[in-house]
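Start with the view below.

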Amino acid sequence: MGPDPVVATYSIVACDLADGQWGVAVQSKFLAVGSVVPWAEPHVGAIATQSYANPRYGPDGLALLREGRGADEVVKALTAADEGRAERQVGVVDGRGGAATFTGDACHDWAGGRTGDCYAAQGNILVSAATVDALAVTFEANAHLELGQRLIECLAAAQLAGGDRRGQQSASLLVVEKDAGYAKLSDTVIDLRVDDHERPIAELRRLFSLHQELFGATPPEDWVEVDDALAAELHERLGKLGHEGDLEKAFADWAGAANLEERIDGVTRIDPIVLEALRKASA
């Protein structure tokens, strides 16, 4: 048998305490990295397990965080119980924003991590420490962005700084918030994965933009009032798309077919993103 495959990754685990969100962003020259590295639970914490990853670090670490243990304590407990810790990396952010990162002394160069308020950044088989520094600096400089966008910017900056020295293959973004997922029946706000792509971060950014179009939230004050003229336009455009009859039902039927049902609330006022989508579809 040949040697075990070398697994290299750079990632950032982070939280936005004001918005009640925790998340993980990761890129690697590894197939479907999002199926292994990221773990998160709202008000509990977020974990990235990588470099000959031990997937048990995810559920076991979240269980420890759920008990109220801090990030440092969780990292120590996970690695102390793992005979393969010398080859592991792990980053943890806890429910209070505390952060810790660990790099085993047998991880492939360049390998290391960095922490700050509400984030832990780490990577291995990197061109240099500049990749992890870029994750950290970009996170610190973009507090004005929502967490998902902030984490994507971190990945993009890290890649520009050198990234994984073997190249790119996959990336993922996971963001959780209590009862803020689909139909308010899930804690998963964003779970996007690029499993095999020449430019996975660019593709992840494209998917994030599409996700925001379908599931984002426009402030209520920016919604459009439906007057008689706009109602007539809606009837006409929906009719072109095969949705006739009662306006509210026709509009809801079209929105459901277009996967925009999360962005509608009757037809007295309309999210401008949805209105623009209808206009494009019926042009």
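## Arg114 and the sheet

In this predicted model, the side chains of Arg114 and Asp133 are joined by a polar contact of 3.1 Å. Arg114 belongs to strand β7, residues 112-116. Its relative accessible area is 28%, so Arg114 counts as partly exposed, the class between under 20% and over 50%.

Leaving aside residues up to four places away in sequence, Arg114 touches Thr101, Tyr119, Ala120, Ala121, Val132, Asp133, Ala136, Val137 and Glu140. Arg114 and Ala100 sit 14 residues apart in sequence, and their C-alpha atoms are 8.2 Å apart in space.

Now the sheet. The sheet is open and has 4 strands, ordered β3-β4-β5-β6, with antiparallel pairing. Its edges are β3 (38-41) and β6 (99-103), and each of these pairs on one side only. On average, neighbouring strands are turned by 5° against each other, direction ignored.

Strand β4 covers residues 45-50 and pairs with β3 over 4 bridges, in the antiparallel sense. Ala40 stands opposite Ala46 of β4.

Two helices accompany these strands. Helix α1 packs on the sheet and touches β3, β4 and β5 (89-94). Helix α2 lies across β5 and β6. Their angles are listed here.

| Helix | Residues | Reference strand | Angle to that strand |
|---|---|---|---|
| α1 | 57-66 | β4 | about 150° |
| α2 | 71-80 | β6 | about 30° |

How values were computed. Residues are numbered from 1 along each chain as its sequence is written. This is a predicted model: local features need pLDDT of at least 70, side-chain atom pairs count only at pLDDT 80 or more; totals for chains, interfaces and linings use all residues. Side-chain values use heavy atoms; hydrogens and water are left out. Two strands pair if DSSP finds at least two bridges between them. Axes are lines fitted to C-alpha atoms, for helices over the stretch in contact, and angles run from 0 to 180 degrees between N-to-C directions. Contact means heavy atoms within 4.5 Å. Buried means under 20% relative accessible area, exposed over 50%, partly exposed in between (1.4 Å probe, protein chains only). A polar contact is a pair of N or O atoms within 3.5 Å; within protein, one must be able to donate a hydrogen and the other to accept it, and residues adjacent in sequence count only if both atoms are side-chain atoms.
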